[in-house]
Amino acid sequence: MKKKKYWYKIDNAGKVFPAVSKDDRSNVFRLSFYLDEIVDPDILKEAVNKVLPRFETIAVQLKNGLFWNYFSSNHHEVTVSIEPPQMCKYFRPMSNHGFLFKVYYLNNKITLETFHALTDGTGALHFLNSIVYHYFKLRGFKFDHEGKVLSEKPYSKKESEDNFVSNYDKDKKRNLNEDNAYHIEGENFSHHWFLFVKAKIDTKALISIAKTKYNATITQYITALLAHSIIKETNDFIGKKKPLKIFVPVNLRPYFDSVTLRNFSLYIKGVYSSDRTDWNFEDLLELTKQQFKEQLNKDELQARFSSLVGFEKNPFIRFMPLFLKTIAFKIGYNILGDKVSSCSISNLGIIDLPSGYKDKILDADFVNGAYGLSMTLISISNQTNIIMSTPIKETSIINHVISSLVKEGLEVTIDTNYREG
């Protein structure tokens, strides 16, 4: 039996976001489904409010405690609104009935934007999928959910677990010191607006290039491709002394038998030296595969997040007042966050929809609030969308990525919010 009033500690990955988020670093990400019909906003609002109580860890508001921020139950009604021109904009929960997510509609698109303290891409996808499935139920459609829509399944307490803490092992820790990384620089768009470019590619064709030609996964292939594009299209990387570091979040749930809806992902990274002057794509890909193999194992992943949880469990940190923690988080994020990462790639994978329902979903987006350069991947039906977002006006790196895909013989369809002038 679920309680009407409840509260949660923020999970280990989410604790930093309330302290460091601001207009130019929103830590908001977006998921969108494109339907085969124009969205009815009244039905959408009803669907959101019907589904939300099932998602206990999402139906919350952020509160300030003496030592930590925490989440408490939120029973306000959710409103939906027309999607604004600016994606992943920083929003203050108090102007949103306390909720840490927003639901938008635009023509045939339903969009969920989520503050990262709440959950990661996997958790948000379960929520959006349930909203859209229930939207069609209210429209009178009858689909077998086939166990693929979380709102149609019984609630489990395991969905609410902080699996960073439950899988913490004090005897498995790593030194997390990081060298500073090379940063992509340039003139930014005004008003915290950022460029969005979506490259649509046939999934089987992309797998064929990555797996058959290069013996790599899609994520390995795209990571090396982005590294190659950055090295080729920047004139200040070689000899900069700072390495290029591409951070790639990994969904930890399969490694630890988890079904949590809270944050449970951890970055691995591809690191490329600026001392070498003869980088080619093949060498970058081989290094990427080697680094991913070294980092992608349960023991290594557990050791790294155990170090983070161990920091949180330190008595000095635990009993430090919240206002001092906030200052420490800001300083720490500057040291271990922005400065150690050049850019990021996040692959949400294939959206697995019920067979009778998937024909109603024509397309999907997955977008990270850009800081520097961000790349995301999401696959639906037979299509993979590679989405690049950046607040920087210069487009040469993005152009190089796309032209490289075309040179591989891939048919690429582009969608963008970019307009000349």
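How do the residues of the lining of the second largest cavity divide into nonpolar, polar and charged? Five are nonpolar, one is polar and two are charged. For those classes, Ala, Val, Leu, Ile, Met, Phe, Trp, Tyr, Cys and Pro count as nonpolar, Asp, Glu, Lys and Arg as charged, and the others, Gly among them, as polar.

Quick caveats, everyone. This is a predicted model, where local features need pLDDT of at least 70, side-chain atom pairs count only at pLDDT 80 or more, and totals for chains, interfaces and linings use all residues. Residues are numbered from 1 along each chain as its sequence is written, and side-chain values use heavy atoms, with hydrogens and water left out.

Back to the cavities. The structure has two of 30 Å³ or more, a cavity being a set of points on a 1 Å grid over the protein atoms alone where a 1.4 Å probe fits but cannot get out.

Now the helices, which are DSSP runs of H or I, at least four residues, numbered from the N terminus. H2 (residues 41-51) packs on H3 (residues 121-138) at about 125°, axes 8 Å apart; axes are lines fitted to C-alpha atoms over the stretch in contact, and angles run from 0 to 180 degrees between N-to-C directions.

Who touches whom? On the H2 side, Ile43, Leu44, Glu46, Ala47, Val48, Lys50 and Val51 meet Phe127, Ser130, Ile131, His134, Tyr135 and Leu138 of H3, with contact meaning heavy atoms within 4.5 Å. That contact has nine nonpolar, two polar and two charged residues.

Last pair: H6 (residues 218-233) and H11 (residues 396-407) pack at about 130°, axes 9 Å apart, so they are oblique as well.

Methods:
1 Å grid on protein atoms, 1.4 Å probe; cavity = no way out; pocket = protein on both sides within 12 Å on 5 of 7 lines; lining within 4 Å. Points joined across faces, edges and corners; volume = space filled by probe spheres on them. Helix = DSSP H or I, 4+ residues; strand = E, 2+ residues; numbered from the N terminus. Parallel < 35°, antiparallel > 145°, perpendicular 65-115°, else oblique.
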